[in-house]
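Please read the following note with the sequence and the model open beside it. It is arranged as numbered points, so that each may be checked in turn.

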Amino acid sequence: MNNKAVITKFYHSFSEGNTKGMNECYHKDISFQDPAFGQLKGERAMKMWEMLLSNKNQHLKITFNGIEATNNKGKANWIAEYNFGAKKRKVINKVSAEFEFKDGKIFEHKDSFDLWKWSKQAMGPVGYIIGWTPFMKSKIQSTTNKRLDEFLAKTTRL
């Protein structure tokens, strides 16, 4: 499978809620990074997608386009539409992804998006006022990683 097909499979699987298909595209030593989680490696990166897709009651729509790839690098654009938190605030998150490949799989995956724009949608007035600050970025990463730790603890016990 060429690298463009790997990226396409990753996002097609994502849009269908298929974490197994997504993780088949990742190298076992994957390094993932985004503004909400910071850097995640290996199994932790793979489980992050499983956690995000595990809420079957949540409406989630994933669309993607602009897939490009060479022998070593690739990129894509994707949009996640969902309701966030107890107040079910509507979020439309536009993400640019960059990839590096090794052994025919995604070895590095970096998602970029405007965290302030995300926090304004997801958190309302608080996100608008302080969503751009380093403090809020740190708080978001701390919260998301704590949720991931709890998910990992729960799924390893099963």
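1. Basis of the note. This is a predicted model, in which local features need pLDDT of at least 70 and side-chain atom pairs count only at pLDDT 80 or more, while totals for chains, interfaces and linings use all residues. Residues are numbered from 1 along each chain as its sequence is written, and side-chain values use heavy atoms, with hydrogens and water left out.

2. The sheet. Six strands make up an open sheet of mixed pairing, and their order is β2-β1-β6-β5-β4-β3. Strands (E, at least two residues) and helices (H or I, at least four) are DSSP runs, numbered from the N terminus. Two strands count as paired if DSSP finds at least two bridges between them. From one strand to the next, the twist averages 20°; axes are lines fitted to C-alpha atoms, for helices over the stretch in contact, and angles run from 0 to 180 degrees between N-to-C directions.

3. Contact here means heavy atoms within 4.5 Å.

4. Helix α4. Helix α4 (residues 115-123) lies across β4 and β5 (89-102) and runs at about 145° to β5. Which residues of α4 are buried? They are Leu115, Trp118, Ser119 and Ala122, where buried means under 20% relative accessible area, exposed means over 50%, and partly exposed lies in between (1.4 Å probe, protein chains only). Seen down the axis of α4, the buried residues fall within an arc of 95°, so they line one face of the helix; the arc is that of the directions from the helix axis to the C-beta atoms.

5. The two ends of α4. At the start of α4, a side-chain oxygen of Asp114 comes to within 3.0 Å of the backbone nitrogen of Trp116. After α4 comes Gly124, which has a positive phi, near 70°.

6. Salt bridges. How many salt bridges does the structure hold? There are eight, a salt bridge being a side-chain nitrogen of Lys or Arg within 4 Å of a carboxyl oxygen of Asp or Glu. One of them joins the side chains of Lys75 and Glu68 at 3.9 Å, N to O. Lys75 is partly exposed, with a relative accessible area of 41%, and Glu68 is partly exposed at 45%. Elsewhere, salt bridges that share partners join Lys9, Lys20 and Glu24 into one network.

7. The side chains of Lys9 and Glu24 meet at 2.6 Å, N to O. This pair links distant parts of the chain, since Lys9 is in helix α1 (residues 3-15) and Glu24 in helix α2 (residues 19-24), 15 residues apart. The side chains of Arg44 and Asp149 form a salt bridge of 2.8 Å, N to O. Arg44 lies in helix α3 (residues 43-53) and Asp149 in helix α6 (residues 134-157), so this pair ties together parts that are 105 residues apart in sequence.

8. Glu108. Strand β6 holds Glu108, which is partly exposed at 33% relative accessibility. Glu108 and Phe32 are 76 residues apart in sequence, yet 6.0 Å apart in space, C-alpha to C-alpha. Leaving aside neighbours within four places in sequence, Glu108 is in contact with Ile30, Ser31, Glu98, Phe99 and Glu100.

9. Residues with positive phi. Most residues other than glycine have a negative phi. Lys88, in the loop between β4 and β5, has a positive phi near 55° and is exposed at 58% relative accessible area. Asp103, in the loop between β5 and β6, has a positive phi of about 55° although it is not a glycine; Asp103 is exposed, with a relative accessible area of 65%.

Definitions and conventions
A polar contact is a pair of N or O atoms within 3.5 Å; within protein, one must be able to donate a hydrogen and the other to accept it, and residues adjacent in sequence count only if both atoms are side-chain atoms.
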